[in-house]
Amino acid sequence: MYSNLGEGEQLRASERIINEVAQGLRSLEEAVTWFSALEQAEQKAALHEVVRYSMQAHATVDDGREGLLRSGIKPTMTPAVLIVREPILEQMGKIINLPPAEYVKSFRVLLSTFAVADTRRRETKCRGTCSHGWHNLS
Ligand SMILES: [Zn+2]
């Protein structure tokens, strides 16, 4: 199969949706609707993807606390309890290994946390112009 890279490269649906939420171009609710319609294995892959982006954006526990407030998830629920603890990367690893019944709640918490971290990154390191495809959605 011929792969056309470089200019005009297509972002995968998941990559686009996750980053559109982070940039305020799409609501969290829309992303949750998309996520809920995925197969379980795809949901797990999407959770891994959000964690990978959060690592790239250098998410912190403070981002987790702020993200949780925006996630619509009660602070007593399992992914919520985990996201506010150090070390954040280890906690995110625990969140993506929760049972499937926790996937939607986990997606809300992780995506909201990524949005906080990515927004800070866009406003600092990426300010002006950057070459990240996911920061230059068209
Ligand atoms: Zn960027």
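I count a residue as buried if 20 or more other C-beta atoms lie within 10 Å of its own, and on that basis 31% of the 138 residues in this predicted model are buried.

**Overall fold.** I began with the secondary structure and found seven helices and zero strands, so that the pattern read along the sequence is α-α-α-α-α-α-α. I then looked up the radius of gyration, which is 15 Å, close to the 14 Å that the globule rule gives for 138 residues, and I therefore note the protein as being as compact as a globular protein of that length. Along the principal axes, the C-alpha atoms fill a box of roughly 45 × 35 × 25 Å. When I turned to contacts between residues at least 6 apart in sequence, I found that 71% of them join residues at least 24 apart.

**Nonpolar core.** Next I asked which residues of the largest nonpolar core touch the most other members. The core has 30 residues, and the ones I wrote down are Leu 47, Val 50, Leu 110, Leu 111 and Phe 114. Two or more residues each are given to this core by helix 1 (13-22), helix 2 (28-36), helix 3 (40-56), helix 5, helix 6 and helix 7, and the largest share, nine residues, comes from helix 7.

**Ala 31.** I looked up Ala 31, which sits in helix 2, and I record Ala 31 as buried because 23 other C-beta atoms lie within 10 Å. Apart from neighbours within four places in sequence, Ala 31 is in contact with Ile 17, Val 21, Arg 26 and Leu 111. I also noted that the C-alpha atoms of Ala 31 and Glu 20, which are eleven residues apart along the chain, are separated by 9.1 Å.

**Helix 4.** For helix 4 (residues 61-71), I listed the buried residues as Asp 63, Gly 64, Gly 67, Leu 68 and Ser 71. They cover an arc of only 135° around the axis, and I therefore place them on the same side of helix 4. An α-helix has 3.6 residues a turn, so residues three or four places apart point the same way. Among the elements that cover the buried residues of helix 4, I found helix 5 (78-83), helix 6 (88-96) and helix 7 (103-123).

**Leu 68.** I then examined Leu 68, a residue of helix 4, which counts as buried because it has 23 C-beta neighbours inside 10 Å. Setting aside neighbours within four places in sequence, I found Leu 68 in contact with Ile 73, Pro 75, Ala 80, Ile 83, Val 84, Val 109 and Ser 112. The C-alpha atoms of Leu 68 and Thr 113 are separated by 6.8 Å, although these residues are 45 apart along the chain.

**Helix 6.** My last entry concerns helix 6, where I found Ile 88, Met 92, Ile 95 and Ile 96 buried. Seen down the axis, these buried residues fall within an arc of 90°, so I describe them as lining one face of helix 6. What do the buried residues of helix 6 pack against? I found that they pack against helix 3, helix 4, helix 5 and helix 7.

Notes:
Residues numbered from 1 in each chain as written. Predicted model: local features only at pLDDT ≥ 70, side-chain atom pairs only at ≥ 80, totals over all residues. Buried ≥ 20, exposed ≤ 12 C-beta atoms within 10 Å, placed from the backbone. Helix = DSSP H or I, 4+ residues; strand = E, 2+ residues; numbered from the N terminus. Arc of directions from axis to C-beta. Contact = placed C-beta atoms within 7 Å. Core = buried A, V, L, I, M, F, W, Y, C linked by C-beta atoms within 7 Å. Rg over C-alpha atoms; globule rule 2.2 N^0.38 Å.
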